[in-house]
Amino acid sequence: MTPTHLPGRVAIPTLPEQPRSAPLDRFNTAPADDLRPTLLTCLRSHRWATRIAAHRPYPDLDSLLAASDEAAYDLTPGDLAEALAGETLPPLPDSAYSAAHMAMDAAHAAYEAKFGHAFVICLEGLSTEEGLDHVLAGIRSRLTNDPEEERVVAAEELRRLARERLASHLRGAGNCATNPHAPAPGT
(Lines give C-alpha, C1' and ligand atoms only; values in the text may rest on other atoms or scores of the structure.)
Protein backbone atom coordinates (compact mmCIF):
# COMPACT_ATOMS: atom_id res chain seq x y z
CA MET A 1 0.00 0.00 0.00
CA THR A 2 1.15 3.49 -0.78
CA PRO A 3 0.06 6.27 1.58
CA THR A 4 -1.58 9.28 0.02
CA HIS A 5 -0.38 12.51 1.64
CA LEU A 6 -2.57 15.58 1.77
CA PRO A 7 -1.27 18.83 3.32
CA GLY A 8 -2.36 19.04 6.97
CA ARG A 9 -4.06 15.63 6.80
CA VAL A 10 -3.28 12.11 7.94
CA ALA A 11 -1.83 9.77 5.33
CA ILE A 12 -4.45 7.38 4.03
CA PRO A 13 -3.10 4.17 2.55
CA THR A 14 -4.38 3.28 -0.91
CA LEU A 15 -4.65 -0.27 -2.12
CA PRO A 16 -2.65 -1.17 -5.19
CA GLU A 17 -4.71 -1.96 -8.27
CA GLN A 18 -5.13 -5.71 -8.50
CA PRO A 19 -4.29 -7.09 -11.94
CA ARG A 20 -6.99 -9.30 -13.40
CA SER A 21 -6.00 -12.67 -14.74
CA ALA A 22 -6.10 -13.42 -18.44
CA PRO A 23 -8.37 -16.46 -17.84
CA LEU A 24 -10.85 -14.29 -15.93
CA ASP A 25 -10.76 -11.68 -18.68
CA ARG A 26 -11.52 -14.39 -21.26
CA PHE A 27 -14.27 -15.74 -19.00
CA ASN A 28 -15.77 -12.26 -18.69
CA THR A 29 -15.69 -11.57 -22.44
CA ALA A 30 -16.58 -14.98 -23.91
CA PRO A 31 -19.99 -15.17 -25.59
CA ALA A 32 -22.51 -16.56 -23.11
CA ASP A 33 -23.51 -19.34 -25.50
CA ASP A 34 -19.87 -20.47 -25.69
CA LEU A 35 -19.47 -20.30 -21.92
CA ARG A 36 -22.62 -22.19 -20.85
CA PRO A 37 -21.45 -25.71 -21.83
CA THR A 38 -18.35 -25.33 -19.68
CA LEU A 39 -20.32 -23.84 -16.82
CA LEU A 40 -22.54 -26.91 -17.01
CA THR A 41 -19.46 -29.07 -16.34
CA CYS A 42 -19.05 -27.10 -13.11
CA LEU A 43 -22.67 -27.53 -12.00
CA ARG A 44 -25.23 -29.25 -14.17
CA SER A 45 -28.01 -26.72 -13.63
CA HIS A 46 -29.04 -24.57 -16.59
CA ARG A 47 -30.41 -21.90 -14.27
CA TRP A 48 -27.12 -21.69 -12.35
CA ALA A 49 -25.04 -21.56 -15.57
CA THR A 50 -27.26 -18.89 -17.10
CA ARG A 51 -27.09 -16.80 -13.96
CA ILE A 52 -23.30 -16.99 -13.72
CA ALA A 53 -22.91 -16.04 -17.38
CA ALA A 54 -25.45 -13.22 -17.15
CA HIS A 55 -23.82 -11.45 -14.19
CA ARG A 56 -20.44 -10.95 -15.84
CA PRO A 57 -18.03 -9.22 -15.70
CA TYR A 58 -16.54 -10.31 -12.40
CA PRO A 59 -13.73 -8.11 -11.05
CA ASP A 60 -11.82 -11.04 -9.56
CA LEU A 61 -12.00 -14.77 -8.86
CA ASP A 62 -13.36 -14.25 -5.34
CA SER A 63 -16.31 -12.28 -6.74
CA LEU A 64 -17.02 -15.00 -9.28
CA LEU A 65 -16.87 -17.70 -6.59
CA ALA A 66 -19.17 -15.67 -4.33
CA ALA A 67 -21.65 -15.34 -7.20
CA SER A 68 -21.36 -19.09 -7.80
CA ASP A 69 -22.14 -19.77 -4.14
CA GLU A 70 -25.13 -17.42 -4.17
CA ALA A 71 -26.54 -18.97 -7.34
CA ALA A 72 -26.05 -22.47 -5.90
CA TYR A 73 -27.81 -21.50 -2.66
CA ASP A 74 -30.77 -20.37 -4.78
CA LEU A 75 -31.27 -23.74 -6.52
CA THR A 76 -34.88 -24.82 -6.52
CA PRO A 77 -35.72 -28.48 -5.87
CA GLY A 78 -36.06 -28.90 -9.67
CA ASP A 79 -32.67 -27.26 -10.27
CA LEU A 80 -31.13 -29.51 -7.64
CA ALA A 81 -32.66 -32.60 -9.25
CA GLU A 82 -31.30 -31.49 -12.64
CA ALA A 83 -27.81 -30.97 -11.21
CA LEU A 84 -27.82 -34.28 -9.34
CA ALA A 85 -29.00 -36.17 -12.44
CA GLY A 86 -25.80 -35.16 -14.23
CA GLU A 87 -23.41 -36.31 -11.51
CA THR A 88 -21.52 -39.58 -11.29
CA LEU A 89 -19.18 -41.04 -8.71
CA PRO A 90 -15.50 -40.32 -9.27
CA PRO A 91 -13.72 -43.24 -10.92
CA LEU A 92 -11.62 -45.43 -8.70
CA PRO A 93 -7.92 -45.51 -9.47
CA ASP A 94 -6.81 -48.53 -11.50
CA SER A 95 -4.63 -49.58 -8.58
CA ALA A 96 -7.63 -49.95 -6.24
CA TYR A 97 -8.29 -53.49 -5.10
CA SER A 98 -11.33 -55.29 -6.47
CA ALA A 99 -12.72 -55.31 -2.92
CA ALA A 100 -12.68 -51.50 -2.98
CA HIS A 101 -14.59 -51.54 -6.27
CA MET A 102 -17.16 -53.93 -4.81
CA ALA A 103 -17.53 -51.87 -1.62
CA MET A 104 -17.95 -48.65 -3.63
CA ASP A 105 -20.47 -50.22 -6.00
CA ALA A 106 -22.52 -51.69 -3.14
CA ALA A 107 -22.50 -48.47 -1.10
CA HIS A 108 -23.43 -46.36 -4.11
CA ALA A 109 -26.22 -48.75 -5.13
CA ALA A 110 -27.68 -48.53 -1.61
CA TYR A 111 -27.43 -44.72 -1.71
CA GLU A 112 -29.07 -44.44 -5.16
CA ALA A 113 -31.83 -46.84 -4.11
CA LYS A 114 -32.63 -44.71 -1.07
CA PHE A 115 -32.28 -41.21 -2.53
CA GLY A 116 -32.78 -41.71 -6.28
CA HIS A 117 -29.63 -39.92 -7.44
CA ALA A 118 -25.85 -40.26 -7.53
CA PHE A 119 -23.89 -39.60 -4.38
CA VAL A 120 -22.03 -36.28 -4.58
CA ILE A 121 -19.14 -35.19 -2.44
CA CYS A 122 -16.40 -32.62 -2.84
CA LEU A 123 -12.93 -34.14 -2.52
CA GLU A 124 -10.98 -30.88 -2.66
CA GLY A 125 -7.56 -31.21 -1.09
CA LEU A 126 -7.64 -35.00 -0.74
CA SER A 127 -5.29 -37.46 -2.40
CA THR A 128 -6.77 -40.25 -4.51
CA GLU A 129 -6.20 -42.74 -1.70
CA GLU A 130 -7.82 -40.46 0.89
CA GLY A 131 -10.65 -39.73 -1.52
CA LEU A 132 -11.73 -43.35 -1.75
CA ASP A 133 -11.94 -43.69 2.03
CA HIS A 134 -13.72 -40.32 2.27
CA VAL A 135 -16.32 -41.32 -0.36
CA LEU A 136 -17.05 -44.67 1.29
CA ALA A 137 -17.30 -43.14 4.75
CA GLY A 138 -19.48 -40.33 3.38
CA ILE A 139 -21.92 -42.69 1.66
CA ARG A 140 -22.22 -44.89 4.74
CA SER A 141 -22.72 -41.89 7.01
CA ARG A 142 -25.23 -40.14 4.76
CA LEU A 143 -27.32 -43.29 4.30
CA THR A 144 -28.62 -42.54 7.80
CA ASN A 145 -30.09 -39.21 6.62
CA ASP A 146 -33.74 -38.85 5.78
CA PRO A 147 -34.44 -37.59 2.22
CA GLU A 148 -34.84 -33.94 3.26
CA GLU A 149 -31.62 -33.94 5.31
CA GLU A 150 -29.79 -35.53 2.41
CA ARG A 151 -31.19 -32.99 -0.06
CA VAL A 152 -29.63 -30.22 2.05
CA VAL A 153 -26.29 -32.06 2.32
CA ALA A 154 -26.24 -32.90 -1.42
CA ALA A 155 -27.02 -29.27 -2.30
CA GLU A 156 -24.08 -28.10 -0.16
CA GLU A 157 -21.76 -30.65 -1.78
CA LEU A 158 -22.91 -29.50 -5.23
CA ARG A 159 -22.16 -25.90 -4.25
CA ARG A 160 -18.67 -26.89 -3.12
CA LEU A 161 -18.11 -28.92 -6.30
CA ALA A 162 -19.22 -26.01 -8.50
CA ARG A 163 -16.89 -23.66 -6.67
CA GLU A 164 -13.91 -26.05 -6.97
CA ARG A 165 -14.57 -26.82 -10.63
CA LEU A 166 -15.01 -23.17 -11.54
CA ALA A 167 -11.81 -22.15 -9.74
CA SER A 168 -9.94 -25.05 -11.34
CA HIS A 169 -11.08 -24.03 -14.82
CA LEU A 170 -9.96 -20.47 -14.27
CA ARG A 171 -6.62 -21.30 -12.68
CA GLY A 172 -5.32 -23.67 -15.31
CA ALA A 173 -5.45 -24.62 -18.93
CA GLY A 174 -9.03 -25.80 -18.41
CA ASN A 175 -10.21 -22.19 -18.42
CA CYS A 176 -13.99 -22.02 -18.88
CA ALA A 177 -13.71 -19.51 -21.68
CA THR A 178 -11.20 -21.44 -23.76
CA ASN A 179 -11.74 -25.15 -23.09
CA PRO A 180 -15.43 -25.99 -22.80
CA HIS A 181 -14.84 -29.71 -23.25
CA ALA A 182 -12.43 -30.23 -20.36
CA PRO A 183 -13.50 -32.85 -17.83
CA ALA A 184 -14.95 -31.53 -14.62
CA PRO A 185 -12.47 -31.98 -11.79
CA GLY A 186 -13.43 -32.86 -8.25
CA THR A 187 -16.39 -35.14 -8.89
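Trainee: Which residues of α5 are buried?

Mentor: Buried means under 20% relative accessible area, exposed over 50%, and partly exposed in between (1.4 Å probe, protein chains only). Helices are DSSP runs (H or I, at least four residues), numbered from the N terminus. In α5 of this predicted model, Asp79, Leu80, Ala83 and Leu84 are buried. Seen down the axis of α5, they fall within an arc of 130°, so they line one face of the helix; the arc is that of the directions from the helix axis to the C-beta atoms. Pro77 and Ala85, on the other side of α5, are exposed.

Trainee: What do the buried residues of α5 pack against?

Mentor: Contact means heavy atoms within 4.5 Å. The buried residues of α5 pack against α3 and α8.

Trainee: How many salt bridges are there?

Mentor: A salt bridge is a side-chain nitrogen of Lys or Arg within 4 Å of a carboxyl oxygen of Asp or Glu. The count comes to 12 salt bridges. One of them joins the side chains of Glu87 and Arg165 (3.0 Å, N to O). That pair links distant parts of the chain, with Glu87 in the loop between α5 and α6 (98–115) and Arg165 in helix α8, 78 residues apart. Both Glu87 and Arg165 are buried.

Trainee: Which residues are linked in a network of salt bridges?

Mentor: Asp69, Glu156, Arg159 and Arg163 are.

Trainee: Which residues and atoms count here?

Mentor: Residues are numbered from 1 along each chain as its sequence is written. Local features need pLDDT of at least 70, side-chain atom pairs count only at pLDDT 80 or more, and totals for chains, interfaces and linings use all residues, while side-chain values use heavy atoms, leaving out hydrogens and water.

How values were computed: Helix = DSSP H or I, 4+ residues; strand = E, 2+ residues; numbered from the N terminus.
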